[in-house]
Amino acid sequence: ALAGAGALRRSRHRDHLRKRLHDGQRDGPQKPRLEGLAREPREGQQKGARESLPDAAKQRQSLAAYCKAGKLKQAARLLTEMIATDQLLLPDHFAVLILHCHKQRLWAQVRHWMDRALESQAALPATLFNCAVTACCKLEDLEGAHRLITRMNDCALKPDRDACTHLLICQAVKGLPYQDVVQTMDAQGLAPEITTYNALVKNYCRKGNLRNAEGLVADMREKGLRPDATTQKHLLKSYCANGEMDRAEKLLQQAFAARQELLPVHFGFL
């Protein structure tokens, strides 16, 4: 009985193979399945795939790897060698270093590599210009920031709000009249916001430039913005620091009359 069962299984297996062979001849040759090989390519195949990448892409990957590992000197050395040997330079090569330096707040490095990128005549995106404008403003290089914005306008690019805000703050730090700051704000098409005005008032007050700070507050009211507790704090602190106690008391009384929000720190200055 066992022998008969084994013979029956072998017979069914032969019939199954004949049927598959017949179907294969009718439908055409079947491609072998290579799923296992495709999942795990050999070492030689991986090496060949890497070698087929363009040199520019390889350099970009190397720069990104250096920056990710915190090896900024190696990345700078590699990009300097590429510039010296007249290799193909893409905006991505400069973008890797500029964006990394911007993230690390290395403002001098951002400006340096942006200058090299502009020398290469590469078509740079607006993101790199915005980073460079911010770096110039942090370094209080107002002329450099204006040159970059002019270059952006020539390339039909527009600075973002963050870069424009840093430009306005740099103007305030440099002690430019508040009229010039407002003119720049209008020229860049920035919608008036209380946070932007507070940042400008803060920097004018830090420099003891109370007249420009008060002018900004007046311009703020003309544009329909109401000074908040932060605005009052910057003015009161500056008044008390400069011995203008009468003006500080007057400002506090006006805030009381207008039922504006007052904080304990406001009374602490007095």
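**Entry 1: Arg-247 and its partners**

I looked up Arg-247 and found that its side chain meets that of Glu-244 in a salt bridge, at 3.9 Å from N to O. I took a salt bridge to be a side-chain nitrogen of Lys or Arg within 4 Å of a carboxyl oxygen of Asp or Glu. The model is a predicted one, in which local features need pLDDT of at least 70, side-chain atom pairs count only at pLDDT 80 or more, and totals for chains, interfaces and linings use all residues. I note also that residues are numbered from 1 along each chain as its sequence is written, and that side-chain values use heavy atoms, with hydrogens and water left out.

Arg-247 also forms a salt bridge with Glu-214, where the closest N and O atoms are 2.2 Å apart. Glu-214 lies in helix H13 and Arg-247 in helix H15, so this pair ties together parts 33 residues apart in sequence. Helices here are DSSP runs (H or I, at least four residues), and strands are runs of E (at least two), numbered from the N terminus.

I then checked accessibility, where buried means under 20% relative accessible area, exposed over 50%, and partly exposed in between (1.4 Å probe, protein chains only). Arg-247 is partly exposed at 31%, Glu-214 is partly exposed at 28%, and Glu-244 is partly exposed at 29%.

**Entry 2: A network**

I recorded that Asp-186, Asp-219 and Lys-223 are linked in a network of salt bridges. Between Lys-223 and Asp-219, the closest N and O atoms are 3.4 Å apart. Is Asp-219 buried or exposed? Asp-219 counts as buried, at 11% relative accessibility, while Lys-223 is partly exposed at 30%. A search of the whole structure gave seven salt bridges.

**Entry 3: The largest pocket**

I looked up the largest pocket, whose volume is about 230 Å³. A pocket is an open set of points on a 1 Å grid over the protein atoms alone, where a 1.4 Å probe fits, with protein on both sides within 12 Å along at least five of seven lines; lining residues have an atom within 4 Å of a point. Grid points are joined across faces, edges and corners, and the volume is the space filled by probe spheres set on the points.

The lining includes Glu-214, Tyr-239 and Arg-247. Helix H13 (210-222), helix H14 (229-241) and helix H15 (245-257) each give two or more residues to this lining.

**Entry 4: The whole chain**

I found 16 helices and zero strands in the chain. Of its 270 residues, 34% count as buried.
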